[in-house]
Structure formats: structure tokens, C-alpha cells
Amino acid sequence: MIIFKTILGKLFPKDLWDARTKRFFWCLAAKFIIFDLIWCSQTTFSSLSMIDLYINTFFVVLLLLLPYLVSRSRIVESVVLIALDLLLISNLMYSRTYNALIPLNSYAAAGNLSDFTASVVDSMRWIDVLFPLTSLVAIISVAKTKHAEGVSQARRWKQYGLTTTVAFALTMAFILPRGGLKKSFEHMQNANYYTCTAPVYTVFGNMLHDAMEEQAPFTRAMQNRIDRWEALKPVYKPLPDIIGRRTSLVVILCESLESWVINRKIEGKEITPCLNAAIAEKSTLYAPYVLTQVKGGRSIDCQLMLNAGMLPIQNGCYAMTNLSTSYYSLTKAMHQQNHSRSYLLSVDKPVTWNQQMVARDFGIDTLVMRDCWVNDEKVGSRKKLGDASFMRQAVKKMKEKQLWPVGQNAYMQFVTYSGHNPFILPDHLKRIHLKGSYPTKMADYIYMANYTDYALGELLSYLKSRPDYKNMMIVITGDHEGLAADRADILKAETARGIVSPKQFTPFIIVNAPIGLHYDKVMGQIDMYPTVLNLMHLDHYAWKGMGQSILDPNKYPVAVGSNMNVEGRAPKKEINRLKEAFYVSDLMIRYNKIK
């Protein structure tokens, strides 16, 4: 006990650790504890049992005390507290949608948030106010105390350096035996500990890891990892020539559309009558159990999986960071075989998630973006063009031959907006009205899904009226799940049970497919690319994607989500292959190694 007290006295001398210093120290520590508790309540409490968390946090808190120990100014340290509040709160908000910390390179893309202000506000929680409250308490408390006098600057530096060095040594004692920070992170990349890196290594440790990943050179070991995975990839199987061919492809990416609203009635009303009717057609292929696999890019990640057959990168968004990567794509495959022209239609600006550059990389010829539409039906807090008017105006442009004239082989990609969280639909646009007591977010989601369904009906009706309809295939899918962190709270309500799915499944609907099928097994979003390749008979295209066609009889009914969550069943070897695909895809995209 005497030895322990002596050590503490050396590390925390009273003349250095005066009242002000201690209050700033405990305020900083409290912020990380609050962050960890909130984070763990959304993920898993496993990290709280890891001693690394407390040692790493102690070291980071000491570093954040440095501005005060140097300046002895409570104003300077108050600025540090406020900046830390903003950093921690923004990362918690981000995690409620993406289940991850903000990637380092995404801080530079913060300007994109101006188009998603409503979603940002929706991700806030009252508990987040604890962060500025701790700062306020500390600032007021420190203002009532005086810092200790008579301690020389040299002594102050010596004592601070000793304490910080010991904390750093303890941190390294856990990290170095595992092979360093990079290996420590890799060790935790599994279903049980994937989310633990945030509290264990703090926001700053994760930033450092992101920076190290960006700078790491491509190695022979990385290439071997890619080669081993590709050797295990199932062989692509073309469909028989007797099965009909299509020369045009329409892809509709519906914002946040989940499968549970389809073929579902509530209070006797169909939520998606137009999609229900389309699914009932004999020539429709319908797969309701598509597991969401998007990561930091969300909607733009779905475009990557469906059009390019690649899984999203581990950290950040490929659309912002990997603009030199050469992608294969459905668009390029169709142009190669059918000499098709390609169009991207969206109500967003070309700079939103860098869609203009992504379209270029995917080989899309023509962009029809926000300034090409009349914003006469405003939806959401950003008052963007609603899906119904979007589809009506698109149909008008096609009828007037401004887009896709009849007889032209084409790839048409529609990206809808209205289903964007927080699902705010003006009352005059609601086509059904619920009388029961439902969670607000659930009811708003249903109203929006019904509205988008009506908009899809307008487009489908026109496409079916065209004389070249027999030559086209129409893919409709949700770009990702929509309820995110609200799902758990919604499912607590009695009125939601049996209606809202606890799983993150989106639909995969192919209208006028050469093979009609209801595929009631689990699949991943990455499996859409090879399935479309199959159905379009694009069999000679060089890139078959990282997924597997659901028309392959040897495909296992399983998928691995972006958090390494497994849905469905398969041998362990196959599940490991699917998990490894995320890391292989990350390497191939970041280092431009797509073969």
C-alpha cells in the first residue's frame, strides 16, 4: 500500500494536480465514459470489460489536458472541451445510422450534409446534451477556483511528461504484443468485437488507424489475399440460350425501401398496391430477403454493388476517396454487347456524394440531375422534388424524346429521394390515412412507402405502354434499410409487431424478367449484379462480380452484412469466404486491383 501511494504521489503530485487541473481532467474523462456508455447501449457492452479501454482513455485525456498545462488558461481548455463535445456528438449521430465512427476522410466531405440536414437532426438524441452539460459544469466550477502558484514551468513539464509517458507505456504494452495498432484493429474485425474499436481506442485512435490505412503500401501479402479469395469464388454459370434476352435495363433505386411494406395490408389498406401488382405478374422475379450490405456511403454504396459488383470499402466512401479506380459495370457491359446509351436520373445535385464522378467511373453517358427538374412537389425538410412528380416529369421527357427514344437500347437508372429519413411527407400528398396508434416513425415510413409506390406505378405504366417493352427488364430495389436505430424502439410498440420486420431486408424486384421466380431465401445486395448479368445474358463480360447469382442452384441461402452479421445458413467455409469478401473488395478498390 505504501509503495502504491508513493507511485501515485510521483505520478500525480499535488502541486501539479491542483483543483483546476483535476476538474478539467475529470470532465474530460466523464465525456469519454458517457460516450462509451451510449455507444455500448447501441451495440454491445463487451468493450467495457476490456482494460485497454480505460488505459487508452486515460492516455488520451492526459493529451487533451496539455493545452491547459501549457497555457494555464481556462479559456483555452474550455475551447478544447467544446470541440471534444462536437466531435463525440457528431460521431454518435453518425453511428446511429452507420453503426460506425465517422471515417477520417469523411470529415472533408462534411459539406454533403447540407442536403441531409433533416436526417442529421433526426439522429440526435436528448442524452447527447450530457456532453455540453459536463463542459458547462466544469467551466463554472473552474471559474470559482484558482490555480496553484509557485510551480515552475520546468517542474510542470517534467511531472506531466512522466505521467504521460507511463500512460503511453501502458497503452503500448497492450498494442505492441498484438503487432501494433493495425493488427489490433484487425483482431477485432469480427461479428463479436467489430463495434468495440470505437470505445476501446477512442475516436482519436480510430482516426489514427484510418490515416495509417490510407498510407499503407500495397504488398505481396495483400495480393495473395486477393488471389486466395478469387480462387474460392464460385464459377459463373450462364443461362441457356433458349431463355429470352433483353437489350435495355431500367434500374430504380428506391431510397430506404424495406421489404416488410410489400404485400402488406394495414387497416385493410395495401401499403404498396402498385408493387404488389407487379410482383404478382408471372414474368416477375421477386426476392424479399436481400440483406443490407452498405457501409459509409449508404445510397452510393448500393450503386457500387448493383452496377459494379463490388462491396463497399471498410472506412469512408469510395465515391470520395477512390476516384482513380477502374470499375467494370453493368453499364459498360451493356454498351459493349448492345451498344446501349446510359442515363442517370436523380433529384440531387451532381456533387452530392460525388455522383457525377461515380457516373463517369461506371460509364454512364448522361446525367439528368436537380437543375433539370421543376421542383413543383416538395417533399422532406429539404423540400426536394417528390418521387411522384419526379416520375411524371421523367415520363414526359421520354415521351418527348428528350430521353431514351423508343427503339434505343438503354441503361436507365432512377435514384429516388422521398424515402429519405425522417420520412416527412406533406399531408396533401398522403394517399392513405391511418387511424390506429402507431409509433410516429413507423406511420411516417408507411405514408412515404405508399407515396413512392404510387410514383413507381406512374413509371411502370408508361414503360409497359412502350412498343419496346418486350426488350427491357426493370429492376426495383431499396438502396438500403430505412429504419436504422429507430427499429428497436418501433418494435417495442404492440401495433408494430407482426408488421415491421426486425431484420434489415430490402426487396429485389425484376419486372419483365425472362425467368419469373419468387426467391424466398436470403441473399445479399452484392448478389444482384451477377443475377442481372445472368438474366441479361451478359455472360462474356470480363467481371462477374463478387456475389453469386440467385439463379445458380449451388448458391447457399446466406448473406453477411456490413457489420459481419450473418443471415441464413451455410457451411462455415462459405461464411468465412463471404466475410473475407469485404476485406478483399476494400483492397481491390483502394489499390485499383479489380481484374
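Biologist: Which residue's side chain meets the side chain of Asp-85 in a salt bridge?
Modeller: This is a predicted model, in which local features need pLDDT of at least 70 and side-chain atom pairs count only at pLDDT 80 or more, whereas totals for chains, interfaces and linings use all residues. Residues are numbered from 1 along each chain as its sequence is written, and side-chain values use heavy atoms, with hydrogens and water left out. A salt bridge here is a side-chain nitrogen of Lys or Arg within 4 Å of a carboxyl oxygen of Asp or Glu. With an N to O distance of 2.6 Å, the partner of Asp-85 is Lys-31.

Biologist: How many residues apart in sequence are the parts that Asp-85 and Lys-31 tie together?
Modeller: Helices (H or I, at least four residues) and strands (E, at least two) are DSSP runs numbered from the N terminus. Asp-85 lies in helix H4 (residues 74-98) and Lys-31 in helix H2 (residues 19-42), so the pair ties together parts whose separation in sequence is 54 residues.

Biologist: Are Asp-85 and Lys-31 buried or exposed?
Modeller: Buried means under 20% relative accessible area, exposed means over 50%, and partly exposed covers what is in between, with a 1.4 Å probe and protein chains only. On that scale Asp-85 and Lys-31 share one class, which is buried.

Biologist: What is the distance between the closest N and O atoms in the salt bridge of Asp-552 with Lys-237?
Modeller: This pair links distant parts of the chain, 315 residues apart, with Asp-552 in the loop between H19 and strand S14 (558-560) and Lys-237 in the loop between helix H10 (220-232) and strand S1 (248-254). Asp-552 is buried, with a relative accessible area of 8%, while Lys-237 is partly exposed at 36%. Their closest N and O atoms are separated by 3.4 Å.

Biologist: Which residues are linked with Glu-258 in a network of salt bridges?
Modeller: Glu-258 forms a salt bridge with Arg-487, the closest N and O atoms being 2.7 Å apart. That pair also links distant parts of the chain, since Glu-258 is in the loop between S1 and strand S2 (265-266) and Arg-487 is in helix H18 (residues 487-491), 229 residues away. Both Glu-258 and Arg-487 are buried. The network joins Glu-258 to Arg-298, Glu-481 and Arg-487.

Biologist: How many of the ten residues of helix H12 are buried?
Modeller: Helix H12 spans residues 299-308 and is mostly covered. Its buried residues include Cys-302 and Met-305, which are also among the contacts of Gln-525. Just after the helix, Gly-309 takes a positive phi of about 70°. Of the ten residues in H12, the number buried is ten.

Biologist: Which residue just after H19 takes a positive phi of about 55°?
Modeller: H19 is mostly covered, with eight of its eight residues buried, among them Tyr-529 and Pro-530. The residue with the positive phi just after H19 is His-537.

Biologist: How far is the sulfur of Cys-196 from the closest cysteine sulfur?
Modeller: A disulfide is a pair of cysteine sulfur atoms within 2.5 Å, and by this rule the count comes to zero. Cys-196 counts as buried, at 1% relative accessibility, whereas Cys-372 counts as partly exposed, at 38%. The closest sulfur to that of Cys-196 is in Cys-40, too far for a bond at 6.9 Å.

Biologist: What is the area of the nonpolar surface patch that includes Ile-127?
Modeller: Patches are made of residues with over 30% relative accessible area and no salt bridge, with like charges joined within 9 Å and nonpolar side chains (Val, Leu, Ile, Met, Phe, Trp, Tyr) within 5 Å. Accessible areas come from the Shrake-Rupley method with a 1.4 Å probe, and for residues only the protein chains shown count as cover. Ile-127 lies in the loop between helix H5 (117-122) and helix H6 (130-143) and is partly exposed, with a relative accessible area of 41%. Together with Val-129, Leu-130, Leu-133, Leu-136 and Ile-140, Ile-127 makes a patch of about 480 Å².

Methods
Contact = heavy atoms within 4.5 Å. Lists of a residue's contacts leave out its neighbours within four places in sequence.
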